[in-house]
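Biologist: Before we discuss any labels, could you put the model on the screen and take me through the terms one by one?

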Amino acid sequence: QYLDALVRRNPEASYFVMENGLQQGLTPSELLIEVIANAQIQIGELWHSGRLNIAEEHYSTQISLSNMEKLRQRIQPSNKWGIRIAVSSIEGNSHYLGARMVSDLFTLDGWDVDFLGPDTPIHDLVEFIRSGQHRLVGLSVTLKEDLPVVSKAVIELRRLPNPPHIILGGYAATTDSSDLESLEGVTIAADGLTAIKQSQNLFNLTRAPMDLNGYLVVMGNRIQEIRKTRGWNQDQLAQRAGLDRTYISAVENGKQNITLAAVLK
């Protein structure tokens, strides 16, 4: 449905597919990976086969970037690692949808993310990392001819007084990585979720079992999210569920130990 909306140049229909997915219980991560990313891969295949031209491919990408921005406004990580990272496309690489998606996935996982966008010059990237004291840098590499630039960027970043670890992703990094694997402080990730898992391992991050208060906050955020997707205020939800509005407010703010009976209502 999402791919069909892109091909038909219908941004409203594409966003409706996402809203419908959220109402059916899909997570933002699932929408990013299973819906948007898969659709964009197929858009690329349609362009490669000549069934879409460059303008149509670009327009589809812009629709997806707009939908990702709307989805990003609803991101509420259940925990924060307290680790700052930067994500960027390498110098000369104008493709950035994949890097933007990985950036959003890291944000969902609780990292503090600075997204730099496409074609960031090496010198400026290094200075940005130097002044920001980022502990991790994610670089997207699409074309094989960009691999020498990647090597140069990695070497410059690793010369910093407190060098960050570097995660490399993108088509070129994952299909022709022989020269990159020997670089110090570099990890190559096949996809966004793998990058997150590898990064958690690099920093020895483990999630402590969530306590009751944590569950109540997550539950409250989810109820509020679903209510808003339906266009209801708290009074309307309270009326439909047969519950007091102040009870609904306490639940949404994670302050109410909600019963299973109330959840069913």
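Modeller: Let me start with a pair of helices: α4 passes α5 in a left-handed crossing.

Biologist: What makes the crossing of α4 and α5 left-handed?

Modeller: A crossing is called left-handed if the near helix is turned anticlockwise from the far one by less than a right angle, and right-handed if clockwise; α4 passes α5 in the left-handed way. This is a predicted model, in which local features need pLDDT of at least 70 and side-chain atom pairs count only at pLDDT 80 or more, while totals for chains, interfaces and linings use all residues. Residues are numbered from 1 along each chain as its sequence is written, and side-chain values use heavy atoms, with hydrogens and water left out.

Biologist: Why are α4 and α5 called roughly parallel?

Modeller: The axes of α4 (residues 54-72) and α5 (residues 97-108) cross at roughly 15 degrees and come within 11 Å. Axes here are lines fitted to C-alpha atoms, for helices over the stretch in contact, with angles from 0 to 180 degrees between N-to-C directions. Angles under 35 degrees count as roughly parallel, over 145 as roughly antiparallel, 65 to 115 as roughly perpendicular and the rest as oblique, and α4 and α5 are therefore roughly parallel to each other.

Biologist: Which residues of α4 and α5 meet?

Modeller: With contact meaning heavy atoms within 4.5 Å, T61, S64, L65, M68 and R72 of α4 meet L97, R100, M101 and D104 of α5. By class, the contact of α4 with α5 has four nonpolar, two polar and three charged residues, where Ala, Val, Leu, Ile, Met, Phe, Trp, Tyr, Cys and Pro count as nonpolar, Asp, Glu, Lys and Arg as charged, and the others, Gly among them, as polar.

Biologist: What is the angle between α6 and α7, and how far apart are their axes?

Modeller: Helix α6 (residues 122-132) packs against α7 at about 30 degrees, with the axes 10 Å apart, and α6 and α7 are therefore roughly parallel to each other. The crossing of α6 past α7 is right-handed. I122, L125, V126 and I129 of α6 make the contact with V149, K152, A153, E156 and L157 of α7, and these residues divide into seven nonpolar, no polar and two charged.

Biologist: What is the order of the strands in the open sheet?

Modeller: The five strands follow the order β2-β1-β3-β4-β5, with parallel pairing; two strands pair if DSSP finds at least two bridges between them. β2 (112-117) and β5 (186-188) each have a single partner strand, so one side of each is left without a neighbour in the sheet.

Biologist: How do you know that β3 and β4 pair?

Modeller: Five bridges join β3 (residues 136-140) to β4 (residues 165-169), against a requirement of at least two. L136 stands opposite H165 in β4. Helix α7 (residues 147-158) lies across β3, β4 and β5, at about 165 degrees to β4, and helix α9 (residues 192-202) also runs at about 165 degrees to β4.

Biologist: Why is R9 called exposed?

Modeller: Buried means under 20% relative accessible area, exposed over 50%, and partly exposed in between, with a 1.4 Å probe and protein chains only. R9 has 52% and is therefore exposed; this residue lies in the loop between α1 (2-7) and α2 (11-23), and its phi is positive, about 60 degrees, although R9 is not a glycine.

Key: Helix = DSSP H or I, 4+ residues; strand = E, 2+ residues; numbered from the N terminus.
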